[in-house]
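This report describes the pockets of one protein model and a helix that takes part in lining one of them. The sequence and structure come first.

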Amino acid sequence: MEAKEPPPAVQSLRTALAEGVTTWKPRVLAMARQIHALKEVSFEEVHSAGAAADLLAEGGFEVEHGTGGLPTAFTATAGSGDLTVALCVEYDALPDIGHACGHNLIAGASVAAALALRPHVDALGITLKTIGTPAEEHGGGKALLLERGAFDGVSLALMVHPVQDGVTYNPAGTSAQAVGRYRAVFTGKAAHAAAAPHQGVNAADAAVLSQVAVGLLRQQIPGDHRIALYVAEGGHVTNIIPERTVVEFECRAFTLKEYESLLERVRRCFEGAALATGATLAFEDTEPLYEPLIQDAALAAHWTEAMDVFGKDTSPSAGISGGSTDMGNISQVIPSLHPWLSIPGADVPIHSHAFAALADSPEAYAVMFEAATALAWTIAAAATTSTERARLSKSAYRRQTVTQEGTS
């Protein structure tokens, strides 16, 4: 799609923001590469969070560490306008495999956009919060921060996410699945595996039966539903009937109603395995529920217009077919944008060693800075479009709290 020529005032602001990104490019690039090399996992991103927060402080932001009681979260604030904007910064890596989801690029894009916007916050009439959000891969950092007040008063929230090459830059109509993660604990009875196996209750058999039942269930669920599991504990030696096994599992679907239905069917697989073997069964939640992602249509239009300037593919999307993010929780209550950042030449799946290497490539960093500029332009467009500003101002998030007098 051919980019439209903006009015002179808009073009002047765009030029200034693009120059701001360029000014900070060497420092942001060093930060993004450092985060990639650190490979810090959920809730352990001490140095990664510190690198992002320190750079924002250098750029004139007032930084609060430990936001929401999470040691590796932070909030960097600039401006005092009546429209509060949040840029989300992710920096956690995957265990063993590193930054195979490109969170170093997410951090770089948000931090570069924030630094470029910093000199213009007063003119735009915004309060800009750059929020360090740990534990997206596992732990639901944004869900926790939302519950604990980090997003109170925020009217719009934005970030980007890297994906493979060939995915359109138009986020309108795309989504991500709800996901819940759980632990199923089977408890049996130990016995000597040779002398008295009949006196035991084999918890490992229950784990095997549950895997078989879930495998058979997959034939009977919609094609966009997902179930994944693994045996986290399954016995220790061959001559003891295992008395305890642990199966970690997750369920995903694009709506909460479908997710809840799927979860119930999966739970029955475990319950049947317990019944068949005589083991007892207990379920435990291991992480907060990640809710489906909602892309704000107006913010998506501003982003798409910006990406047209960079000559990107902004054709309508058929939708993202899988994956989940705790940004979904934010998007359920705050107008949000979570567009996809297509890395040139990345023809390998995310969450692979090959994608982790590509997330540290010159091509990836080039689109990261384009995304940073587009994020800044999107925020500026939303803040200076009167109808958009009015709509977003009315959307400022306010938590529901329960008091002795009732819900407020």
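## Second largest pocket

The model is predicted. In its second largest pocket, 15 residues form the lining, and those nearest the centre are V10, R14, W377, A381 and T384. The volume of this pocket is about 260 Å³.

Three helices, α1 (8–38), α8 (297–309) and α11 (362–384), each contribute at least two residues to the lining of the second largest pocket. By residue class, that lining consists of nine nonpolar, four polar and two charged residues.

## Helix α11

One of the helices that line the second largest pocket is α11 (362–384). Helix α11 is 23 residues long, and from its first C-alpha to its last it spans 33 Å, close to the expected 33 Å at 1.5 Å a residue.

Of the 23 residues of α11, 18 are buried, so the helix is largely enclosed by the rest of the structure. Buried here means under 20% relative accessible area.

## Largest pocket

The largest pocket holds about 770 Å³ of space. Its lining is made up of 34 residues, with E137, R181, E250, R252 and H351 nearest the centre.

Strands β6 (161–163), β7 (178–187), β8 (226–233) and β9 (244–253) each provide at least two residues of the lining of the largest pocket. In that lining, 16 residues are nonpolar, 10 are polar and eight are charged.

Conventions:
Residues numbered from 1 in each chain as written. Predicted model: local features only at pLDDT ≥ 70, side-chain atom pairs only at ≥ 80, totals over all residues. Heavy atoms only, no water. 1 Å grid on protein atoms, 1.4 Å probe; cavity = no way out; pocket = protein on both sides within 12 Å on 5 of 7 lines; lining within 4 Å. Points joined across faces, edges and corners; volume = space filled by probe spheres on them. Helix = DSSP H or I, 4+ residues; strand = E, 2+ residues; numbered from the N terminus. Nonpolar A, V, L, I, M, F, W, Y, C, P; charged D, E, K, R; others polar. Expected span 1.5 Å × (residues − 1). Buried < 20%, exposed > 50% of the residue type's maximum accessible area, 1.4 Å probe, protein only.
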